[in-house]
Amino acid sequence: MVGKGTSRGPIDALGSTALLLVLPALISSRYSSALAAVPSPPVAVAASSTPSTTEPEAKPETLVPPTSENAARYDLTPHRRALLATIRFAEGTWADGSPRGYRTLYGGQLVPSLERHPDTVVVKRYASAAAGAYQMLPATWRSASRSLSLRGFGPANQDQAALYLADQRGALELIDRGQLCNEAMARLAGEWASFPLHHGGSAYGQPVKSATQLRRFFQQQLDRQPPQLADSRLG
């Protein structure tokens, strides 16, 4: 620090640190003014704090709510209704269209509740935990119901899961064209052991319905549907 009364030149009177601080002003007062006009950057903490306080509240709004028992993902066209009935016929749960088929365990016993898949192993000729109108195994049901966000093992949800499985096997597009052809049955055979492959046997070495039986039943179901549904047939 320079003491009072000391006479020095304008540059000599400044120390090295002070010189660096005032150098822009000494070079150009206009440049110094421009620097002073630059606004201070925003505080980083304030900018990052907003998402952290609002994001947890927004997350639930972005989730897709589970579907209710009556909420359908797949349209029930006449051909799809006929397919569902045919799968039940092949699996032995048709019972003239009775809703008790939806409560049927492997072996024929009925479950009292459809709140969830019963996941009960029954030992008959085979040991199986298959249940419902489409005799779905627990793991199969979990996969289908999770993909469709289904709650409960009720009839409408079982229908949706069966259509989903047929779709995954590539059979639904063939059904939508109008016929239960051999190729469609062969694809369904990978999901339901009661459907025949091209050679007529089961994919899992179990008893099957013949292609002729299934095709006849499928057509009967189409013919019996109400006129308002029959008028909307595809293909």
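Trainee: What volume does the largest pocket have?
Mentor: About 720 Å³, and keep in mind that this is a predicted model.

Trainee: How many residues line the largest pocket, and which lie nearest its centre?
Mentor: The lining has 32 residues, with Glu-91, Ala-130, Gln-135, Ala-193 and Gln-206 nearest the centre. H4 and strand S2 (127–128) are the elements that give two or more residues to that lining.

Trainee: And by class?
Mentor: For the largest pocket, 16 nonpolar, eleven polar and five charged.

Trainee: OK, what about the second largest pocket, which residues are nearest its centre?
Mentor: Arg-81, Leu-84, Ala-85, Trp-94 and Gln-221, out of 14 lining residues. The volume of this second largest pocket is about 300 Å³.

Trainee: Which element gives the largest share of that lining?
Mentor: H4, with five residues. By class, the lining of the second largest pocket is eight nonpolar, two polar and four charged.

Trainee: Switching to helices: at what angle do H4 and H6 pack?
Mentor: Helix H4 (residues 78–91) and helix H6 (residues 155–168) pack at about 95°, and their axes are 11 Å apart. That angle is why they count as roughly perpendicular. Arg-80, Leu-83 and Leu-84 make the contact from H4, and Asp-159, Ala-162, Leu-163 and Ala-166 from H6.

Trainee: Last one, where is Lys-209?
Mentor: In the loop between helix H8 (182–189) and helix H9 (211–224). Leaving aside residues up to four places away in sequence, Lys-209 touches Phe-89, Ala-90, Ser-194, Pro-196 and Leu-214.

Trainee: Why does Lys-209 count as partly exposed?
Mentor: Because its relative accessibility is 22%, and buried would mean under 20%.

Key: Residues are numbered from 1 along each chain as its sequence is written. This is a predicted model: local features need pLDDT of at least 70, side-chain atom pairs count only at pLDDT 80 or more; totals for chains, interfaces and linings use all residues. Side-chain values use heavy atoms; hydrogens and water are left out. Axes are lines fitted to C-alpha atoms, for helices over the stretch in contact, and angles run from 0 to 180 degrees between N-to-C directions. Helices (H or I, at least four residues) and strands (E, at least two) are DSSP runs, numbered from the N terminus. Angles under 35 degrees count as roughly parallel, over 145 as roughly antiparallel, 65 to 115 as roughly perpendicular and the rest as oblique. Contact means heavy atoms within 4.5 Å. Buried means under 20% relative accessible area, exposed over 50%, partly exposed in between (1.4 Å probe, protein chains only). On a 1 Å grid over the protein atoms alone, a cavity is a set of points where a 1.4 Å probe fits but cannot get out, and a pocket is an open set with protein on both sides within 12 Å along at least five of seven lines; lining residues have an atom within 4 Å of a point. Grid points are joined across faces, edges and corners, and a volume is the space filled by probe spheres set on the points. Ala, Val, Leu, Ile, Met, Phe, Trp, Tyr, Cys and Pro count as nonpolar, Asp, Glu, Lys and Arg as charged, and the others, Gly among them, as polar.
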